[in-house]
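Biologist: I am new to this kind of picture. Could you show me how to read it, one feature at a time?

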Amino acid sequence: MIESAKIDRADGGLATVIRILLAEDMNMVRGALVALLEMEDDLEVVSELERGDKILAAALEVRPDIAVIDIDLPGLDGLSAAAQLHEQLPECRTLMLTSLGRPGTLRRALAAQVSGYILKDDSPKELASAIRRVVAGQRVIDSKLAVAAWNGLESPLTDRETEVLRMAAQGSEAAEIAGELHLSTGTVRNYLTTVVMKLKARNRVDAIRIAREAGWLV
């Protein structure tokens, strides 16, 4: 098992260095975050990733104290990756970063047992503080996001309807969705029709837009 490093404190004692896995798909943003975090004496980025489907394997290898994960990642969305970490590496805390305060997404984050959820436009000082608090066992939720979640509407879609709509939003055709979920093509089409009706959308594309804006789809 990898042990956390120690650094000398000003008072002559030792402080634990917090080991961070960072997942962000935009290279410039990821590079800036790494540089900002490593300006803090007690923070160290031990793994940088650009895809959600690489998070679990990397975390199992480097054993970080915390994973700082962007919500929107290719390969696997950040919340699904966080759920995997919670199941297979529960000692690794998770802090989600988002650029949009979607109330439905925050509720999904809480259901995935994430430890923190903050906006990307928070200051570097606030991010560093959130990381320390999460590693210390606290749950950190941006106040603006909490208010949005409190005032937001619950999704009218079932888990299966949401799953079908998410795959459609990723460009999958009905036959592909049917094969992946072991359903008939007709059943998938029925699900999509029901989704359009429940969301009072004009069509499938409009349903995807409505669900994304509400935070019901990542």
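**Reading strands, cores and salt bridges**

Modeller: This is a predicted model. Let us begin with strand pairing: strand E5 and strand E6 (residues 93-98) run parallel and are joined by five bridges.

Biologist: How many bridges join strand E3 to E5?

Modeller: There are four, and E3 (residues 18-23) is parallel to E5. Among the paired residues, Leu21 has Ala67 of E5 as its bridge partner.

Biologist: Is E5 mostly covered or uncovered?

Modeller: E5 (residues 66-70) is mostly covered, with five of its five residues buried. Ile66, Val68 and Asp70 point one way, while Ala67 and Ile69 point the other way, and all are buried.

Biologist: How should I read a nonpolar core?

Modeller: Start with the general idea: in soluble globular proteins, nonpolar side chains tend to be buried together. In this model the largest nonpolar core has 23 residues, and those that touch the most other members are Leu21, Ala23, Ile55, Ile69, Leu85, Met96 and Val114. At least two residues of this core come from each of E3, helix H2 (55-62), E5, H3 and helix H4 (103-111).

Biologist: Which residues is Ile55 in contact with, leaving aside its neighbours within four places in sequence?

Modeller: They are Leu21, Ala23, Leu49, Ile69, Leu73, Ala81 and Leu85.

Biologist: How many salt bridges does a search of the whole structure find?

Modeller: It finds twelve. For each pair, look at the N to O distance and then at the exposure of both partners. Arg160 and Glu163 meet at 3.4 Å, N to O. They are three residues apart in helix H7 (residues 159-169), so about one helical turn separates them. Arg160 is partly exposed at 30% relative accessible area, and Glu163 is partly exposed at 32%.

Biologist: Where do Arg202 and Asp206 fall, buried or exposed?

Modeller: Arg202 is exposed, with 68% relative accessibility, whereas Asp206 is buried, at 5%. The closest N and O atoms of this salt bridge are 3.5 Å apart.

Biologist: Which residues are linked in a network of salt bridges?

Modeller: Glu24, Asp70 and Lys120 are linked in this way. Asp70 is also one of the buried residues of E5.

Conventions. Residues are numbered from 1 along each chain as its sequence is written. This is a predicted model: local features need pLDDT of at least 70, side-chain atom pairs count only at pLDDT 80 or more; totals for chains, interfaces and linings use all residues. Side-chain values use heavy atoms; hydrogens and water are left out. Buried means under 20% relative accessible area, exposed over 50%, partly exposed in between (1.4 Å probe, protein chains only). Two strands pair if DSSP finds at least two bridges between them. A nonpolar core is a set of buried Ala, Val, Leu, Ile, Met, Phe, Trp, Tyr and Cys residues joined through side-chain atoms within 4.5 Å. Contact means heavy atoms within 4.5 Å. A salt bridge is a side-chain nitrogen of Lys or Arg within 4 Å of a carboxyl oxygen of Asp or Glu.
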